[in-house]
2 protein chains.
Amino acid sequence: MIEATETPALVLDIQRLNKNAARMAARIASCDVGLRPHMKTAKSIDVARAVLGADKGPITVSTLKEAEYFARAGFDDILYAVAIVPAKLDHVKRIQRETGARLLLTTDSVAAAEALVAAAGEGREALQCLIEIDCGEHRSGVAPASPALAEIAATLAAREGLLGGVMTHAGHSYGTDSIEAIADIAEIERRAAVDSAAMIRAAGLACPVVSIGSTPTILHARSLEGITEARCGIYMFWDLAQYSRGMCGLDDIAVSVLATVIGHNPQAGSMVIDAGALALSKDIGANRFMPDVGYGIVCDCATLQPIGDLRVANVHQEHGTVPVSDPALFSQLPIGKRVRILPNHACMTCAAYDRYHLTGAKAGMTWSRINGW
Amino acid sequence: MIEATETPALVLDIQRLNKNAARMAARIASCDVGLRPHMKTAKSIDVARAVLGADKGPITVSTLKEAEYFARAGFDDILYAVAIVPAKLDHVKRIQRETGARLLLTTDSVAAAEALVAAAGEGREALQCLIEIDCGEHRSGVAPASPALAEIAATLAAREGLLGGVMTHAGHSYGTDSIEAIADIAEIERRAAVDSAAMIRAAGLACPVVSIGSTPTILHARSLEGITEARCGIYMFWDLAQYSRGMCGLDDIAVSVLATVIGHNPQAGSMVIDAGALALSKDIGANRFMPDVGYGIVCDCATLQPIGDLRVANVHQEHGTVPVSDPALFSQLPIGKRVRILPNHACMTCAAYDRYHLTGAKAGMTWSRINGW
């Protein structure tokens with residue numbers, strides 16, 4: 001029972017997780033694409049099994065440590081969605097050799113493509129790589145259907161089987177809370193991937209994978225024609241950053257931080273909880289669209305419903321400060337009382353914890369997760 | 001050798017650590033107070049041994065997990081500097097019982113004090129608690145020499161040995177980069193602790209511990225008269241937050257994040273490294289006094305000297321974006337090149353890693369650290 005768990009602790013509501021997974025599965029089925037969920041938020045074999053209903057994949061990861069963790073658990077089709085560098089190829093090959101899993105790498109440079117060709121390997125060690133396309137975020141990737149794309153494709157084509165396809169990520173879809181604007185970005189994302197695949201195919205090369213990412217664009221795309229797979233991830237848990245953009249309801253958020261009221265400061269009009277900067281993270285991305293949401297919304301421990309307008313407005317390493325405008329809340333929340341905090345950005349918050357405490361029918365159980373590199 | 005370490009990774013420069021520890025030891029000796037270093041940044045037995053030259057304490061910690069980790073390694077005098085709640089007392093007693101260590105707890109409420117009295121225990125399990133004083137940060141603690149202080153002291157005094165003294169933390173000393181202002185805050189901090197101890201003693205009670213914290217105030221206090229111990233911690237590692245306030249030099253910062261250039265984006269005028277929001281943290285506290293410092297300063301891997309004006313200006317989970325104004329830097333930093341990032345806030349950055357990679361005479365070695373709760 002989470003009532004007996006020492007705080008702070010990370011709580012996962014299985015009922016909400018299952019509902020979120022089912023909602024995305026239905027959406028994906030209606031779009032006739034594959035789902036390659038991004039496990040960078042959950043980083044948990046147990047969550048992956050719950051979401052996929054299997055332990056084989058396909059999945060997406062953000063670190064080679066995740067890739068190895070999932071590969072050793074049987075997941076055999078893993079896209080590592082951060083640009084590969086030569087020094088990491090030995091690790092990639094070791095994972096493939098020892099587990100039999102296939103890792104799909106990504107690159108957006110000729111330099112890395114040449115290193116991939118030189119190191120391509122055979123059998124279980126054989127490398128496969130997607131070319132990353134920049135569909136508008138301008139963080140990484142080459143321009144869609146560009147000469148740079150053609151050059152990387154031609155470089156990778158020197159080794160049969162090395163060029164696996166293209167991938168892109170509309171990270172800039174997080175920059176708006178307009179469904180129409182997201183749908184527009186989704187179409188640009190789709191076209192970036194599809195046009196790039198067409199260019200590769202026109203050169204006589206295979207482009208089996210045409211992969212796009214981002215939960216908002218997958219949910220609101222008008223069409224995913226020509227796309228083979230979607231790499232969304234935050235939909236499993238949701239968070240205030242997504243809620244603030246209208247992507248989910250508060251009642252969809254499946255992860256929360258169990259915390260304890262450790263101090264009252266009526267003079268300052270605030271109380272203190274034992275979930276601070278490490279337990280919640282310092283990410284305040286949700287505040288762009290919900291300026292007062294701070295580091296999280298304070299909820300009742302049992303019902304996970306917000307308590308008044310309580311927010312974690314300030315954090316120190318192990319202290320969270322909660323302004324209290326209604327003095328009656330001091331008696332409702334005495335020292336020692338437990339609360340649950342809906343996180344601002346789940347990817348960052350979850351990374352502070354090595355396990356999930358489950359609720360509902362699985363109360364008392366924990367699911368593991370990994371962190372670091 | 002860090003050259004062979006997969007990135008991102010946390011690097012600790014032992015020479016700088018030793019120099020920083022010696023500097024603070026000399027300062028503390030000149031003030032004639034005890035040093036109870038705060039291990040919430042380092043969270044490492046190895047670092048504690050290096051800083052203290054022993055593995056006994058006294059030390060300060062921010063979580064009971066840290067307390068247990070250090071107690072099991074022999075540290076026997078541990079101040080847990082976050083307000084205690086009744087549900088955590090069983091854990092406190094278990095640590096004391098199984099290791100023989102003495103934990104000093106803290107409280108600022110009559111409610112918690114009453115719970116401490118009820119649970120006080122005997123022998124190895126006997127609890128000891130300091131009263132937290134608010135010296136101006138207004139996060140937690142009772143007002144100095146206030147009726148609230150007297151009431152908590154009288155409550156704790158019901159059990160002999162339970163009242164261990166007073167502690168305060170001038171966290172608001174981080175709010176300025178003026179040495180004069182810090183010295184003024186240090187004097188207020190000192191007076192808050194000393195006046196509170198005097199009030200307790202005037203009531204006929206013992207107040208052996210009179211404890212203050214914060215690296216800036218310890219370094220710049222005009223007097224520490226009446227103080228028994230100082231709980232500074234960030235001085236071991238330093239970071240850009242401290243550098244931005246004039247507390248240290250860039251060459252004093254002992255921790256850095258080893259990262260690899262994974263992408264060039266000349267069109268956008270930026271490059272990408274594999275140290276992002278998780279590897280660096282999203283803390284940008286230093287930016288208050290150094291607005292352009294972003295998430296960290298990009299340095300040469302071997303010399304740890306800044307490369308041009310390179311900063312990590314933006315982060316995603318595993319991507320750090322570095323604006324490049326001088327195109328020559330693209331050839332100086334090709335894809336695959338390693339760099340080291342001086343962190344904005346070391347306490348947050350280090351928390352993403354489970355070990356330190358050492359440099360210099362200890363190159364190739366790692367020191368462990370713990371995280372979480």
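Beyond its neighbours within four places in sequence, Ile78(B) is in contact (C-beta atoms, placed from the backbone, within 7 Å) with Gly57(B), Ile59(B), Val61(B), Ala67(B), Phe70(B), Ala71(B), Ala101(B), Leu103(B) and Leu104(B). The model is a predicted one, in which local features need pLDDT of at least 70 and side-chain atom pairs count only at pLDDT 80 or more, while totals for chains, interfaces and linings use all residues. Residues are numbered from 1 along each chain as its sequence is written, and chains are lettered from A and ligands numbered from 1 in the order in which they are written.

The largest nonpolar core holds 266 residues, and Ile78(A) and Ile78(B) touch the most other members. Such a core is a set of buried Ala, Val, Leu, Ile, Met, Phe, Trp, Tyr and Cys residues joined through C-beta atoms within 7 Å. A residue counts as buried if 20 or more other C-beta atoms lie within 10 Å of its own, as exposed if 12 or fewer do, and as partly exposed in between, with C-beta atoms placed from the backbone. In soluble globular proteins, nonpolar side chains tend to be buried together.

Turning to the sheets, chain B has an open one of 8 strands in the order E2-E9-E8-E7-E6-E5-E4-E3, with parallel pairing. Its edges are strand E2 (34-35) and strand E3 (59-61) of chain B; each has a single partner strand, so one side of each is left without a neighbour in the sheet. Helices (H or I, at least four residues) and strands (E, at least two) are DSSP runs numbered from the N terminus, and two strands pair if DSSP finds at least two bridges between them. Within this sheet, strand E8 (residues 209-213) of chain B pairs with strand E9 (residues 229-230) of chain B in the parallel sense over 2 bridges, and Ser211(B) sits opposite Glu229(B) in E9(B).

Of its 5 residues, 4 are buried, so E12(B) is largely enclosed by the rest of the structure. E12(B) runs antiparallel to strand E16 (residues 338-343) of chain B, to which 5 bridges join it, with Asp300(B) opposite Val339(B) in E16(B). E12(B) also pairs in the antiparallel sense with strand E13 (residues 306-311) of chain B, over 2 bridges; here Cys299(B) faces Pro306(B) in E13(B). The hairpin of E12(B) and E13(B) has 5 residues between the strands, and Leu304(B) takes a positive phi near 60° there.

Helix H2 (residues 45-52) of chain B has Ile45(B), Asp46(B), Val47(B), Ala48(B) and Val51(B) buried. Their cover includes helix H1 (14-31), E3, helix H3 (64-72) and strand E18 (366-368) of chain B. After H2(B) comes Gly53(B), with a positive phi near 70°.

In chain A, helix H7 (residues 179-202) has 24 residues and should span 34 Å at 1.5 Å a residue, which agrees with its end C-alpha atoms being 34 Å apart; the expected span is 1.5 Å times one less than the number of residues. Buried residues of H7(A) include Ile182(A), Glu189(A), Arg190(A) and Ile200(A). Among the elements covering the buried residues of H7(A) are strand E6 (128-133), helix H6 (147-156) and strand E7 (163-169) of chain A. Gly204(A), which follows H7(A), has a positive phi near 85°. E7(A) is itself mostly covered, with 7 of its 7 residues buried, and pairs with E6(A) in the parallel sense over 5 bridges. The bridge partner of Leu130(A) in E7(A) is Gly165(A).

At the level of domains, whose bounds come from an automatic or database domain assignment, chain A divides into domain 1 (3-8 + 247-368) and domain 2 (14-237). Across the boundary, 16 residues of domain 1 of chain A are in contact with 17 residues of domain 2 of chain A. The largest share of the domain 1 side, 3 residues, comes from H12(A).

Between the chains, the contact takes 50 residues from chain B and 50 residues from chain A. On the chain B side, the largest share, 5 residues, comes from E10(B). That side divides into 22 nonpolar, 18 polar and 10 charged residues, where Ala, Val, Leu, Ile, Met, Phe, Trp, Tyr, Cys and Pro count as nonpolar, Asp, Glu, Lys and Arg as charged, and the others, Gly among them, as polar.

Key
Contact = placed C-beta atoms within 7 Å.
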